[in-house]
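Good morning, colleagues. Please bring up the sequence and the structure, and I shall take you through the sheets, some local details and then the interface.

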Amino acid sequence: MSVVTVQLGQCGNQIGFEVFDALYTDSHCPQGLCSKRENEAYQASCKERFFSEEENGVPSARAILVDMEPKVTNQTLSKAAQSGRWKYGQHSCFCQKQGSGNNWAYGYSVHGPRHEESIMNLIQKEVEKCDSLSGFFIIMSMAGGTGSGLGAFVTQNLQDQYSNSLKMNHIIWPYETGEVIVQNYNSILTLSHLYRSSDALLVHENDAVHKICAKLMNIKQISFSDINQVLAHQLGSVFQPTYSVEGSCHYRRNPLGIDWQVRPPLSRLPTLGKASLNRELQFNTSIANLVILRGKDVHSADLGGFKDPALYTSWLKPINAFNVWKTQRAFSKYEKSAALVSNSQFLLKPLDTIVGKAWNMFASKAYIHQYTKFGLEEEDFLDSFTLLEQVVASYCNL
Amino acid sequence: MTQSVVVQVGQCGNQIGCCFWDLALREHAAVNQKGIYDEALSSFFRNVDTRVVGDGGSISKGKICTLKARAVLIDMEEGVVNEILQGPLRDVFDSKQLITDISGSGNNWAVGHKVFGSLYQEKILEKLRKSAEHCDCLQCFFIIHSMGGGTGSGLGTFLLKMLEDEFPEVYRFVTSVYPSGEDDVITSPYNSILAMKELNEHADCVLPIDNQSLFDIISKIDLMVNSGKLGTTIKPKSLITSSAGAVKKRHQKPFDAMNNIVANLLLNLTSSARFEGSLNMDLNEISMNLVPFPQLHYLVSSLTPLYTLADVNIPTRRLDQMFSDAFSKDHQLIRADPKHSLYLACALMVRGNVQVSDLRRNIERLKPSLQFVSWNQEGWKTSLCSVPPVGHSHSLLALANNTCVKPTFMELRERFMRLYKKKAHLHHYLQIEGMEESCFMEALSSLSGLIEEYNQLDATKSMPVEDFPRLSVAM
């Protein structure tokens with residue numbers, strides 16, 4: 001089953017390139033630490049998911065590149081072509097001349113409707129190349145204008161047009177100390193809209209990845225390229241093929257196939273109120289955890305720690321909340337590697353912080369005129385705040 | 001990629017404009033090795049086959065034929081424009097994009113605005129429309145002028161309203177040279193205040209510049225160079241101070257070095273829009289991030305470093321020094337001390353071999369010494385452009401929306417009041433058709449309104465930062 005990737009804005013396109021590069025490099029890695037047949041099955045599976053075969057033999061990424069100004073997409077397309085190993089499709093790029101100016105409203109209300117048809121057509125073409133579509137992977141940042149605003153618009157459209165396919169949005173959480181001054185507004189507008197149309201939000205925080213580069217990898221002068229490569233590595237280790245439950249010889253067909261959404265039982269919910277966040281969150285309570293193991297000794301790994309009920313909220317049993325995927329094929333030359341995807345309270349504090357800052361700015365009416373200029377109303381802001389406060393409360397009450 | 005059109009008005013505007021075009025050509029020449037007309041070049045230049053008569057000469061791709069600046073030159077005297085047209089840049093300007101007159105505006109805003117405004121309205125509109133037609137996607141008008149005279153001040157601001165009406169979606173960025181205290185034009189306070197009202201109402205973004213600050217910066221550079229203290233690490237010829245024709249003696253024209261600073265400001269402002277980088281910043285993002293309320297669109301700028309250094313691999317300490325300098329009051333292009341006033345927003349536009357970790361490290365380091373308004377405590381907008389300016393390995397342009405502009409405006413108001421109370425020279429203005437005392441009163445009240453807004457913001461400086469109570473939601 002295949003995944004169609006939509007790369008939006010500067011961030012989305014820069015990361016998208018690194019992701020496909022990482023996936024390709026890993027799948028063609030000769031030292032898989034497994035049998036040749038095994039390796040071939042792995043390669044074939046990866047290929048089917050993320051690349052389509054072109055006439056001249058160079059695999060073409062199943063991706064659409066979208067940006068409202070040309071510099072980044074031009075760079076991305078040529079970097080891929082230059083590598084000679086894989087490339088983007090010839091007609092996979094949609095580009096305009098004048099960006100979104102870090103303005104969510106411009107991305108959502110102006111660029112969205114204006115370019116809806118062209119973008120959806122491009123996506124449709126890519127979908128048609130797939131034998132069977134598993135879903136969409138949408139890479140975007142929250143802080144800017146295109147990734148955030150146009151990203152929200154496109155996701156909504158995908159929901160309408162492909163309601164049976166999964167939509168997973170890869171969201172880049174901006175550095176807390178500004179990259180963009182209006183990033184908090186853009187973030188809350190993005191999140192509230194995505195909540196209504198996306199199936200899963202996979203989050204990477206710039207601050208966290210930056211720390212990984214600094215502390216774990218000891219890079220002295222960290223560039224966005226370094227950050228994106230770490231991101232891509234993490235995503236690759238999640239999305240590359242793993243064994244399906246049925247048998248250890250077949251690779252799982254649906255890479256996005258976890259049931260990411262968990263609906264809490266209605267009867268058990270507390271009726272009111274906002275839990276106080278001052279209470280020290282001692283445990284990061286989870287709703288769902290997915291561990292992915294690759295390489296040597298995967299079958300003998302002890303995962304008991306993940307089955308501890310204390311990790312999970314009271315209305316879930318670990319057996320329902322915890323999943324493991326395995327493959328013996330090593331990832332990217334690492335003899336053993338593990339990845340954890342978690343739906344838990346880890347984002348509660350950053351989310352709360354963003355909502356708080358955006359609220360303060362909103363209460364002072366700062367920058368609002370920039371958004372109302374393009375069709376957004378104060379009502380829309382309030383709706384977003386309300387929705388996100390509910391999300392914060394829900395997670396808090398786990 | 002988008003295009004911008006530069007409209008240079010008056011003596012000051014045209015002289016600065018001339019420096020700008022010279023530097024822009026040199027910058028692109030240094031970057032563009034293959035002689036192909038690329039998108040970066042097209043932001044400020046057209047590619048024209050001059051053998052073709054009439055309008056058909058524009059070439060959109062391929063080799064560079066002749067580059068023509070996307071500029072409109074306006075002056076009500078002929079001297080400056082003529083000099084440009086006879087100088088080394090004569091082929092860069094399209095002879096059809098000039099508007100000149102003979103008599104000048106006599107340092108009178110009313111003459112520039114009302115008389116020449118109505119006289120040349122149609123012609124100016126025609127030239128502007130022409131330049132816009134030559135653009136694939138016009139994003140911004142850059143207006144360069146001075147506030148103290150007659151043409152730049154009066155006609156320059158008359159333009160603004162016209163641009164707003166005719167091209168409402170195109171940004172209007174104004175670089176305004178404010179008169180310093182010892183300005184020799186007696187009526188400069190009148191001209192400036194009358195012009196301020198127009199800037200308040202019709203500009204998207206204003207970059208105020210002060211001659212005295214420019215002069216001080218030049219003096220500092222000269223001092224460092226001549227003292228020989230830094231030895232071989234200083235190259236005396238840097239893009240900051242030198243202009244066209246390296247053989248020419250430096251400071252041949254008295255304002256050349258100063259104008260070059262402003263020219264560099266404009267180049268650095270647009271670098272991230274023209275060239276690639278890991279974190280781009282387009283012109284519309286400047287307005288979006290730095291203008292929290294429509295009226296408060298005055299941005300204090302500073303450029304660092306001011307001299308080239310011989311070593312290429314900059315040790316971290318020097319890089320950090322660049323960031324520190326950007327906030328020092330000696331590097332600001334107007335008399336202002338942003339460190340001791342209140343920030344509403346700040347943008348750091350970095351060029352060259354600087355990475356995101358350097359940016360973050362310096363922001364963390366400098367943050368504690370700066371005061372930001374309560375609702376924008378992390379009010380930083382950053383950009384990284386890979387292409388450094390000519391002759392440097394990296395550079396930084398800081399744009400601050402900061403209450404430190406207030407003193408400039410208050411001084412202006414004071415000088416205005418001193419003249420106005422005595423009704424000095426007023427008759428020169430009132431005798432112009434369309435001018436009445438109410439024009440002055442309205443302009444004064446517009447300025448006072450602006451100062452009051454800054455006052456209110458300053459009043460919040462010492463107050464504790466309190467969070468607004470959040471929405472409480474029912475589950």
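This is a predicted model: local features need pLDDT of at least 70, side-chain atom pairs count only at pLDDT 80 or more; totals for chains, interfaces and linings use all residues.

Let me begin at one specific pairing: A:Ser2 has A:Leu133, in strand S7 of chain A, as its bridge partner.

I turn now to chain B. An open sheet of six strands is found there, in the order S5-S4-S1-S6-S7-S8, with parallel pairing. Strand S5 (98–100) and strand S8 (205–210) of chain B stand at the edges; because each has a single partner strand, one side of each is left without a neighbour in the sheet. In this sheet, neighbouring strands are turned by 15° against each other on average, direction ignored.

Within the chain B sheet, strand S1 (residues 3–9) and strand S4 (residues 71–75) pair in the parallel sense over four bridges. B:Val9 stands opposite B:Ile74 in S4(B). Helix H5 of chain B, residues 151–166, lies across S1, S4, S6 and strand S7 (171–178) of chain B, and runs at about 160° to S6(B).

Next, some points of backbone geometry. Where is the cis peptide bond that joins B:Thr304 and B:Pro305? B:Pro305 has its place in the loop between strand S9 (300–304) and helix H10 (316–326) of chain B, and omega for the bond is about -15°. In chain A, A:Asn102 has a positive phi of about 60°, although it is not a glycine. A:Asn102 lies in the loop between S6 and helix H4 (104–128) of chain A.

On charged pairs, the count over all chains comes to 30 salt bridges. One of them is formed by the side chains of A:Glu40 and A:Lys36, at 3.5 Å from N to O. Both residues lie in helix H2 (residues 36–50) of chain A, four residues apart, about one turn of the helix.

Finally, the interface. How many residues of chain B are in contact with chain A? The contact involves 57 residues of chain B and 55 residues of chain A. Between them the chains bury about 4,800 Å², with 54% of it on carbon and sulfur atoms. Four salt bridges are found across the interface, and A:Lys357 and B:Glu378 meet in a salt bridge through their side chains, at 2.9 Å from N to O. There are also 29 residue pairs in polar contact across the interface.

On the side of chain B that touches chain A, at least two residues each come from strand S6 (138–146), helix H8 (256–274), helix H9 (283–290), strand S10 (342–352), helix H11 (356–366) and strand S12 (380–385) of chain B. By class, this side of chain B has 27 nonpolar, 15 polar and 15 charged residues.

Conventions: Residues are numbered from 1 along each chain as its sequence is written. Chains are lettered from A and ligands numbered from 1 in the order in which they are written. Side-chain values use heavy atoms; hydrogens and water are left out. Contact means heavy atoms within 4.5 Å. Buried area is the accessible area (1.4 Å probe) that two parts lose on being put together, summed over both. A polar contact is a pair of N or O atoms within 3.5 Å; within protein, one must be able to donate a hydrogen and the other to accept it, and residues adjacent in sequence count only if both atoms are side-chain atoms. Ala, Val, Leu, Ile, Met, Phe, Trp, Tyr, Cys and Pro count as nonpolar, Asp, Glu, Lys and Arg as charged, and the others, Gly among them, as polar. Two strands pair if DSSP finds at least two bridges between them. Axes are lines fitted to C-alpha atoms, for helices over the stretch in contact, and angles run from 0 to 180 degrees between N-to-C directions.
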